[in-house]
Amino acid sequence: MSCVNENGSRDYRLLPPALALWLVAALRLSHILSLKFGLLIALSFLLIPVALEIIRTRYSHSTPFTAWFTHMLSSQLAVTALALVIMLISCEVLLMNQRSDPLIQLVASSSQQASHHTVQQTAHNSWRYSAQFATQRKKASTAREPVRITFELTTPALATAKKGFDCYADARALSLQRAQIVTASSARIRIFATGALCQAGVAQVWSMPVKLSLPQYGNQDAWAMKKEAKTSASTAQGSSSENSSASSSTGSFAGSATQPLSYRVRAAPAFRTRIASLRTAFLRQTRKLPPTQAILVPGVTMGISGADVLSSHHADLHEREEELSQWFREAGIIHLLAVSGGHLALIREWAKRRLACSRLWASMKVMISLALVLACASLLFPSDSLLRAVVMACFTSVALLRGRPAQSLSALCWSVMGVLICAPYLALSVGFAFSCAAVGGIILLAHHWAQLMSKTWLLRALGFSAKSREKLGESLALTMSAQVAILPVQMLMLGQMGSSMLVAVLANFLVTPVVSVATIAGLLSLLTSWLLPWLGFAFAAVSGVCCEVMAWVAHFAVSLPH
C-alpha cells in the first residue's frame, strides 16, 4: 500500500459517524447500552444542531468562520444522528431475530437448564436426593438430545484440535427439526464433525442430527457437534444395512434406505466446485514442501495454515504450527498469515499498470480491475478482514465510476458503516476491528510520518540517497502507523498490549522485501497448480523460501530482549 497523496484532500466528514456507529453497535450487542438510551443519544445529536442554528441566527454579528464552523458541526451531528438511528434499528432487528430463532432459543434454554441442574446438584447432598431433582436432571438431559438441522456451509472444513472431532466449518442454519416439527432458522453456527462433512465444500447444503451448545469463543450463535457412528451411513450412497445400524444408535433421527442419517441436500454451484479444485491442487503442491514452508505458504497465500488443511500430514505439522504462530504473534507479524487488503492491492496495482496504456474507456478499466479483485477474493479463505477489503474496493470503484477521485478514508468509513448496518455482529469481531484500525492508521498517519522519517539526520548520516531514504521512511511509516492504530483495539477488545512496538516495527521492516514476493508467487501457484503442477510447485517453492525468511525474522525478533 502506497503512502502517496490522494487526489484531493482527505475527507474526514464520515469519520465521526463511522466511529460513533461502531461504538453504539458494540455496546448495544453487548447489552451495555439500552435501546432507549441509544435513541436518546441520537436525539441529542439532532437537538444540538438546532440549538447552534438558533444561536447563530440570534447573533447577527457572527464572523464567516463561526458561520462555517456552525454549519459544518451541524451537518456532522445530523449525519451522525441519522447513522445512529439506522444502526440501532439494525441491531434491534438482529436481536429480535436472535430472540425468535428456534435454534438459538433451544441453545439458550438448554444452557439455562444445565446451569440450573448444576446448582441443584451442588445444593443437594446424596441423602437429600429428591424426585424434583430427578425430574429437573431428566429435563436438562432431554434438552441436550440431538436435533436435526439443515445448514449451508460458508467456509471450507478445517482440522480441529477439539477432542473427538476431525474438522470444523462455519455454516448458516436453514431449518431445525425437533420432535418431527420443522422450523426455519438463520442462526450462524460452527459445526464440529467427523466423517463425510470434513470433505464437504463451501455452499453445500447438508442435513444431519447434531448436539447444540453455546459457543466458547467466536461470534457464532451456537456450536453443533456431530460424530458419525461407526456403522452409520454418512452419504446418500450408504447401504440400507448401515442405515439400520445408525437407526439403533440415534433414535428418532435414524436414516432409511432412501434418506440416510446424514446426507447432502444440495451440491455446491459449479464455480464453487472449480474454486475448491484450484485450492486442492495448490495445497497438494504445498504439502511437498518442508514443514515450515508447508505451513506458511498457504497462510501467506490464502489465509489458512497448512496444518489446518485436512490431509494425512496435518497431525505431524500441528506442533510446528503452534511454535510458528507463537513466534509470529510475539514478533507482531501474525497479520502476514491472514488475508486482508494487501492481496487485493497487489491485484489492483497489476491491473492498473497493464491497463494504463490501453485505449479502453476509464469506466471499463475500473470494471475490469474490480472484476479481477473479486475473482481473487473468491479464491481466498473467507474472513472478516477480507470482507472489509472487498467492500472498500467496491466503494472505491463506485467513486471512480462517478468521476470522483478515490478517497481512501471516505471509502473506509463507508465500508465500516455499510458492513455494520448489514451485519451488526461484526462490531464485536476482533479481525474486522484490527483490519479497519490498521488501514485507518495507514491512511491518517503513514504519509506524514514517511515525510518526517525520510528527512531524519540518521538516514542522512548513514549515507542513504534521497530515493533510498524515501523508500525506508515509507516502509517504517506503514508499519508504525498500523501498529499505533491497532494498539487501542488490542487494549479494548483483548485486554492486552500485544507485542513490543519496537520489536514489531523491526520485524515488519525486515520482512517487507519478501512479503510481496511470497504473496505473488503463492497466488501464481494457486492459479497454475491445477493445469501445470510442476509450475505450481516451482512458484510454491519460491514463496516457501520467502516464508523461511519470515520465520527466521520472527524467531530473531522473539529472541531479542523486550
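Predicted model: local features only at pLDDT ≥ 70, side-chain atom pairs only at ≥ 80, totals over all residues.
1. Basis. Local features require pLDDT of at least 70 and side-chain atom pairs pLDDT 80 or more, whereas totals for chains, interfaces and linings use all residues. Numbering runs from 1 along each chain as its sequence is written, and side-chain values use heavy atoms, with hydrogens and water left out.

2. Aromatic pairs. Seven aromatic pairs are found in the whole structure; rings of Phe, Tyr and Trp (its six-membered ring) pair if their centres lie within 6.5 Å, and planes under 30 degrees apart count as stacked, over 60 as edge-to-face and the rest as tilted. Trp22 and Phe432 form a tilted pair, because their planes stand at 45°, with ring centres 5.4 Å apart. Since Trp22 belongs to helix α1 (residues 15-29) and Phe432 to helix α14 (residues 430-454), this pair ties together parts 410 residues apart in sequence. Helices (H or I, at least four residues) and strands (E, at least two) are DSSP runs, numbered from the N terminus.

3. Ring cluster and charges. Phe165, Tyr168, Phe192, Tyr217 and Trp223 are linked into a cluster by ring pairs. Lys162 lies over the face of Phe192, 5.4 Å from the ring centre, and Arg274 over that of Trp530, at 5.5 Å (NZ of Lys or CZ of Arg within 6 Å of the ring centre and within 35 degrees of the ring normal).

4. Positive phi. Most residues other than glycine have a negative phi. Ala179, in the loop between β3 (167-178) and β4 (181-184), has phi near 55°. Ala203, in the loop between β5 (188-193) and β6 (205-213), has phi near 80°.
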